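Work through the exercises below with the structure in view. Try each task before reading its solution.

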Amino acid sequence: MDAFRVFLRGEPRADLVLDTLQLQHPFVVLDGPIGSAGLVGVRAAVLVELCEDHDEPGELGRYPLLVRFIGTDGTEPAWSAAHAFLWSVTRTGEVDEALLLGPGTAPLRYHRGRIAPVRTVRSED
């Protein structure tokens, strides 16, 4: 299953993330920790995982929190949930930078109060 991933930097706490998720759409099932996820929940056909110590490679390692959204009934519900979460959690004042990545969509970055598509630089080989 494809996942949409939201990486967070700054002072976001796990309880802030959980509160933000619950305000958007309450969980049907909530449990944790399971595997590498500190929290796992299901809501509106979307599996949500919160990982405080993720092992994503490269530059993604500088983001201490990862929230993963996996659609159980296609990608549209997961994309909608991830995008709404990005918008909501960045309005709390505790997130300095955030990055939303997922299949078939342009990456989005929150930085300095704005959410914008990530511009990629292509090298001429």
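**Exercise 1.** Is glutamate 94 buried, partly exposed or exposed, and which residue does glutamate 94 form a salt bridge with?

*Solution.* Step 1: take the classes. Buried means under 20% relative accessible area, exposed over 50%, and partly exposed in between, with a 1.4 Å probe and protein chains only. Step 2: apply them. Glutamate 94 has 21% relative accessibility, so it counts as partly exposed. Step 3: find the partner. A salt bridge puts a side-chain nitrogen of Lys or Arg within 4 Å of a carboxyl oxygen of Asp or Glu. Glutamate 94 forms one with arginine 13, and their closest N and O atoms are 2.5 Å apart. Glutamate 94 sits in the loop between α2 and β6, arginine 13 in the loop between β1 and α1, 81 residues apart. Arginine 13 is partly exposed too, because its relative accessibility is 40%.

The model is predicted: local features need pLDDT of at least 70, side-chain atom pairs count only at pLDDT 80 or more, and totals for chains, interfaces and linings use all residues. Residues are numbered from 1 along each chain as its sequence is written, and side-chain values use heavy atoms, leaving out hydrogens and water.

**Exercise 2.** Which strands does the salt bridge of glutamate 49 and arginine 68 link?

*Solution.* Step 1: check the distance. The two side chains meet at 2.4 Å, N to O. Step 2: locate them. Glutamate 49 is in strand β4 (residues 46-51) and arginine 68 in strand β5 (residues 65-71). Strands are DSSP runs of E with at least two residues, helices runs of H or I with at least four, numbered from the N terminus. Glutamate 49 is buried, at 16% relative accessible area. Arginine 68 also counts as buried, at 16%.

**Exercise 3.** Which residues are linked with Glu97 in a network of salt bridges?

*Solution.* Step 1: start with one pair. Glutamate 97 bridges to arginine 62, with closest N and O atoms 3.2 Å apart. Step 2: widen the view. The network links Arg9, Glu59, Arg62, Glu97 and Arg109. Step 3: compare with the classes. Glutamate 97 is buried at 5%, whereas arginine 62 is partly exposed at 37%.

**Exercise 4.** Where on helix α2 do the buried residues fall?

*Solution.* Step 1: list them. Ala78, Ala81, Ala82, Phe85, Leu86 and Val89 are buried. Step 2: look down the axis. The buried residues fall within an arc of 135°, so they line one face of α2. The arc is taken from the directions from the helix axis to the C-beta atoms.
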